[in-house]
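Visitor: I'm new to this one. Can you show me around and tell me how you know what you say?

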Amino acid sequence: MYTQCPDCEIAFKVTADVLKQAAGKVRCGSCGNVFNALLYLTEQMPKQPTPKTVGADLSELRPEITNADDGFTSTIIIPEKGAEEKALEDSGDKSQNADESDNNRISIIAGVVALVLILIVQFMHQSREALATIPAFSNTVGQVYRVLGRPVQPSWDITGWRFEITKGNIEDEEALTVYSRLGNNSDGPLPYPLINISLTDRFKEPIGSQILDPNEYLPTNLDPRKLVKPGNTFNAVITIKLATEDATGFKLNVCYRLSDRRLRCAIDDFK
Ligand SMILES: [Zn+2]
């Protein structure tokens with residue numbers, strides 16, 4: 001392959017290796033012109049202006065960035081650290097800078113995404129008891145808490161329950177049986193509550209109380225683990241033994257268990 005200086009029209013032999021280096025940029029050893037050897041490539045030996053300037057052999061062309069001290073002493077190679085190469089270096093710097101700013105952008109985006117994820121996790125952790133009332137949360141994130149041994153007690157709306165009918169019979173003065181119908185008056189489904197029954201004496205003062213789980217008051221045909229849909233009702237049958245003859249009445253409350261084993265009840269000052 002040959003290339004030819006566009007200025008002085010001197011021809012040079014050129015190899016693919018030389019062209020690869022410096023992207024084909026070379027400096028003409030004859031006139032000092034820097035040109036792109038790729039633009040003037042020919043397979044045939046180009047026409048020379050005057051045989052004199054060519055000499056007996058065609059000089060080999062070397063890439064512009066190559067140093068001349070590697071045994072090649074001909075005047076053809078002039079290591080160029082001039083404007084052209086600087087431009088090359090600059091453009092290299094630029095693409096490096098572009099890479100860096102791309103990397104920066106990626107790390108900024110990654111940082112923002114991580115931050116948003118942390119905020120979401122934090123929000124979910126702080127409101128996990130409220131979120132746990134949503135099946136989609138309970139069935140997904142709730143599982144994670146269960147696996148971690150920190151099950152979330154959903155903050156169900158205990159005030160959603162209404163006592164619709166309550167009847168109590170003291171039979172044979174040893175047992176009290178209470179029939180009560182409770183309705184879910186809230187906007188969402190609710191699990192069966194705990195029922196707190198409190199016995200009162202004839203001065204309406206409490207003399208004892210008992211907390212019943214759903215499976216203790218529900219008829220056997222109802223699954224205590226199911227949720228009660230809004231507007232639905234259920235019947236509770238509560239039978240407790242009377243340890244004292246002083247009990248003349250009773251009061252009912254509904255409660256949900258909180259995470260720390262405390263209760264949240266519908267009637268706050270319930271005794
Ligand atoms: Zn030239």
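Guide: Let's start with β12 and β13, which run antiparallel and are joined by three bridges. Keep in mind that this is a predicted model.

Visitor: What makes β12 and β13 count as paired strands?

Guide: The cut-off is at least two bridges between the strands. β12 and β13 have three, so they pass as a pair. At one spot, Cys255 stands opposite Cys265 in β13.

Visitor: What sits between β12 and β13?

Guide: Five residues, and together the two strands form a hairpin. Arg261, in the turn, has a positive phi of about 70°.

Visitor: In what order do the strands of the open sheet come?

Guide: The order is β9-β8-β12-β13, four strands with antiparallel pairing.

Visitor: Why are β9 and β13 said to stand at the edges?

Guide: Each of β9 and β13 has a single partner strand, so one side of each is left without a neighbour in the sheet. From one strand to the next, the twist averages 35°.

Visitor: Which residues is Leu252 in contact with, apart from its neighbours in sequence?

Guide: Beyond four places in sequence, the list is Phe163, Thr166, Ser180, Ile195 and Ile197. Take Ser180: Leu252 and Ser180 are 72 residues apart along the chain, while 9.2 Å separates their C-alpha atoms.

Visitor: Which residues have the most contacts inside the largest nonpolar core?

Guide: Ile195 and Val254, in a core of 17 residues. The elements giving two or more residues to this core are β8 and β12. Ile195 is in contact with Leu252 and Val254, and also with Leu212, Tyr217, Ala236 and Ile238, leaving aside neighbours within four places in sequence. A second, separate core has eleven residues, among them Ile10, Phe12, Val18 and Cys28.

Visitor: Which elements have the lowest and the highest mean pLDDT?

Guide: Helix α2 (residues 51-54) has the lowest, at 47, and strand β7 (residues 190-191) the highest, at 93. Over the whole chain the average is 80, and 82% of the residues score at least 70.

Visitor: Where does the pLDDT stay under 50?

Guide: Residues 52-57 are one such stretch, with four contacts beyond four places in sequence in the model. The pLDDT is also below 50 over residues 66-88, a stretch with 31 contacts beyond near neighbours in sequence. Where pLDDT is low, the predicted coordinates should not be read in detail.

Technical notes: Residues are numbered from 1 along each chain as its sequence is written. This is a predicted model: local features need pLDDT of at least 70, side-chain atom pairs count only at pLDDT 80 or more; totals for chains, interfaces and linings use all residues. Two residues are in contact if their C-beta atoms, placed from the backbone, lie within 7 Å. Axes are lines fitted to C-alpha atoms, for helices over the stretch in contact, and angles run from 0 to 180 degrees between N-to-C directions. A nonpolar core is a set of buried Ala, Val, Leu, Ile, Met, Phe, Trp, Tyr and Cys residues joined through C-beta atoms within 7 Å. A residue is buried if 20 or more other C-beta atoms lie within 10 Å of its own, exposed if 12 or fewer, and partly exposed in between; C-beta atoms are placed from the backbone. pLDDT is the predictor's confidence in each residue, from 0 to 100.
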